[in-house]
2 protein chains.
Amino acid sequence: MKIVVLKFGGSSVGSIKKIIKVAEIIKTYKKKKYNVIVVSSAMSGVTNELVKKSKGISENFSDEEYDVLVSSGEQVACSLIAGRLIHEGFKSRSWLAWQIPIVTKGLHKNSRISLINKKKILKYIGEGGIPIITGFQGIDNHQRITTVGRGGSDATAIMIAKFLNAEKCIIYTDVEGIYTTDPNKFKKAKKIKTISYEEMLEMASLGAKVMQPESIQDARLNRIDIEVKSSFSKKSGTLITKRSNIINNKMITGISSTHNDAKVSLIGVKDKPGVAASIFKPLSKKSINVDMVVQNVSPNGKETDLTFTIKKDDLNKTKKIILDNKDIKFRNLIFKKGVSKISIIGVGMVTTPGVTFRMFQALASQKINIQVISTSEIKISVLIDQRDTKKALTVLHKEFELDK
Amino acid sequence: MKIVVLKFGGSSVGSIKKIIKVAEIIKTYKKKKYNVIVVSSAMSGVTNELVKKSKGISENFSDEEYDVLVSSGEQVACSLIAGRLIHEGFKSRSWLAWQIPIVTKGLHKNSRISLINKKKILKYIGEGGIPIITGFQGIDNHQRITTVGRGGSDATAIMIAKFLNAEKCIIYTDVEGIYTTDPNKFKKAKKIKTISYEEMLEMASLGAKVMQPESIQDARLNRIDIEVKSSFSKKSGTLITKRSNIINNKMITGISSTHNDAKVSLIGVKDKPGVAASIFKPLSKKSINVDMVVQNVSPNGKETDLTFTIKKDDLNKTKKIILDNKDIKFRNLIFKKGVSKISIIGVGMVTTPGVTFRMFQALASQKINIQVISTSEIKISVLIDQRDTKKALTVLHKEFELDK
């Protein structure tokens, strides 16, 4: 049985007109003899409206009731999609998470899907039905409604694809795919045809907001091909797949940039075991996300300099934690706002020497100063002055031939 | 265990501010050491908005999906009420119909509650929790969401009261209770303190829109006391109870009036068995509701005159059915728009002679012509010219001392 999972995001089902369009898309797959399973988000704006209501009731609105509240949004969207398909003469119905069930583990507002019972859905598609499944939600062992904190409806779609052995999972959204860099910031950005899970993971966690990293990781672990495309255009999108499926791979697949970062440098820290932990443990406890971390080699073996980046909004909290903690000893503390992290990403760089050199040379040619460097197997990140972001994107895009 | 069921209508939970007020009301019962069970409707306007969406999708929107769609409204209201009580330090949670479950029979959009599993709810209130139950909805044997067509959330509240042996069921709405006649039409209308199920049934089906007849009938059959009161006022409401609980009963409890009625008279109909059926069967098939029916005694034993009332909107359909049906034979057909049915209702009239006479005399004193008369054990209805409605209400209200 050839199964395809189609997932529609909030913007794709944002109005009655758009839902009618979604039904048209579903029909094209049915015509291609696919067994179609649909996963839908809530109509755009609805979840925000519900969250606003909850805040009117209490600033600390119950997590359990939050899940009951917001899950109503997908219920509405799914019944409307199913209603449209029935109107068009198809066999279709909405399936709420509890009716399948989609079982989750973990805390309310932040659950993870642990099991999807495939029995009823398989039977239903076997009878020619098109199931329209509520994304983003599940039930726990106490039969209470939960929501999937990370990845949301994408996570639902990918787990459905996994448990039902779907051939492919197609994520319909309001952009045409994944771009070499953010097309809103840089007009020459090009749509990527195929990208590996690993590259996409780096792209996602570095600012490409199309899909959440957790969902991509789930797809990677379960080897599920994902296509990201727009429900408003007939153009093909971006295929996210395993490395071995990608041919004619460019050295660099994409460039990502962050903004609103801040840099913290501790100068003259004692160079002994446990020092980094004594700094990062209290930050982690206060949910401050530390990104790039660089520790210089200590020339005399006694002292070292430690630099890391955080979100600009966390700067004051971080300052207070470091200054209040008597265990953290240093000679000097430097903060710097207005920095941006530029990363080039590509599985190709693993086998190609000289990528780092070409990146640094390109930036130098534009007189862009590199403040911090950090690298992984398929990514090189540099911290630069935020004002140089656009210049850096332009020169790197050209250097690695992403315009072509 | 002293249980009270509180039901809040859409207008009572129509905004965040009103929901916060509802939580205050719930707390007062908790303070009186009641075990409180709450049933809520959707926030006012929400159901209409959802129905509008369904019509945008299809003029013949699927009944099954309609139930999924509109049931989301109560889910939202209940999570918000529970969220508020939790915020105030109470143990509370929303219970969706499927979680209890509330089992229904019958067609989608028009189901009836057949069974409520009391186990989980009893355990929960035993632990001091305040369950907030979604009104208007249930699940069928296929685990699909259904809605209770007749009586809506009132029906849910009364069935909860029945299955959980509640002491009382309190219906919170936007009026202060049941009035001797429609207070919008007649300013001297007085709130009724107590009314029997039977009288309330007559009042409800004759135009008092506070509760649907089906819910009152359910309450009567299960001997559940209902109090109807306003969530916006601290005044006591109206108690609907069994006749034997009512002391100092007035002869007449209330007066109801209809408008937009029409009268149909068939003159010179053959006076033989089956004639009435041949007329009313085709009307019933087309869902035309026939109200008052009067057949005059035939003086010669061969011919008779048949008069009945219908809604004015059904007049053209009715005309067509009668004229098209060759089985219906008559000499003359008369239609009259602009008639109104005035009914006086009271269990007291059973034991008090002369009520009919006093009613007719009062109307005659105002020169109001009676066109048709029909009576039941606790009700006398007359058909009059619609223009005389207000005059009739005034004189009858005074005659039967309802102003006092």
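View 1. Of the 404 residues of chain A, 47% count as buried; a residue is buried if 20 or more other C-beta atoms lie within 10 Å of its own, exposed if 12 or fewer, and partly exposed in between, with C-beta atoms placed from the backbone. Chain A holds 11 helices and 19 strands, where helices (H or I, at least four residues) and strands (E, at least two) are DSSP runs, numbered from the N terminus. Its radius of gyration is 24 Å, close to the 22 Å that the globule rule gives for 404 residues, so chain A is as compact as a globular protein of that length; the radius is taken over C-alpha atoms, and the rule is 2.2 Å times the number of residues to the power 0.38. Taken along the principal axes, the box that the C-alpha atoms of chain A fill is roughly 75 × 50 × 30 Å.

Residues are numbered from 1 along each chain as its sequence is written, while chains are lettered from A and ligands numbered from 1 in the order in which they are written. Because the model is predicted, local features need pLDDT of at least 70 and side-chain atom pairs count only at pLDDT 80 or more, whereas totals for chains, interfaces and linings use all residues.

**View 2. The enclosed strand β6 of chain A and its two neighbours.** Five of the five residues of strand β6 (residues 130-134) of chain A are buried, so the strand is largely enclosed by the rest of the structure. Both of its faces are covered, with Ile130(A), Ile132(A) and Thr134(A) buried on one side and Pro131(A) and Ile133(A) buried on the other. Strand β2 (residues 35-40) of chain A runs parallel to β6(A) and is joined to it by three bridges, with Ser40(A) having Thr134(A) as its bridge partner. Strand β3 (residues 92-95) of chain A also pairs with β6(A) in the parallel sense, over four bridges, and here Ser92(A) is partnered by Ile130(A). Two strands are said to pair if DSSP finds at least two bridges between them.

**View 3. Strands β9, β11 and β12 of chain A.** Strand β9 (residues 168-173) and strand β11 (residues 226-230) of chain A run parallel and are joined by five bridges, with Ile170(A) standing opposite Glu227(A) in β11(A). Strand β12 (residues 238-241) of chain A runs antiparallel to β11(A), to which three bridges join it; in this pairing Val228(A) stands opposite Thr238(A).

**View 4. The eight-stranded sheet of chain B.** In chain B, eight strands form an open sheet with mixed pairing, in the order β3-β6-β2-β1-β9-β11-β12-β10. Its edge strands are β3 and β10 (194-196) of chain B, each of which pairs on one side only, and the twist averages 20 degrees from one strand to the next. Strands β2 (residues 35-40) and β6 (residues 130-134) of chain B run parallel and are joined by three bridges, and Val39(B) stands opposite Ile133(B) in β6(B). Helix α5 (residues 152-163) of chain B lies across β1 (3-8), β2, β6 and β9 (168-173) of that chain, running at about 175 degrees to β1(B); axes are lines fitted to C-alpha atoms, for helices over the stretch in contact, and angles run from 0 to 180 degrees between N-to-C directions.

View 5. A rotation of 179 degrees with 0.1 Å of shift along its axis superposes chain B on chain A (RMSD 0.2 Å), which is the relation of a two-fold axis; copies are superposed by least squares on the C-alpha atoms of residues with pLDDT of at least 70 in both. Ser72(B) is the residue of chain B that comes closest to the rotation axis, at 2.6 Å (C-alpha).

**View 6. Gly83(A) in helix α3.** Gly83(A) is found in helix α3 (residues 63-87) of chain A and is buried, with 30 other C-beta atoms within 10 Å. Leaving aside residues up to four places away in sequence, Gly83(A) touches Ser54(B), Ile57(B), Ser58(B), Phe61(B), Ser62(B) and Glu65(B).

Methods. Two residues are in contact if their C-beta atoms, placed from the backbone, lie within 7 Å.
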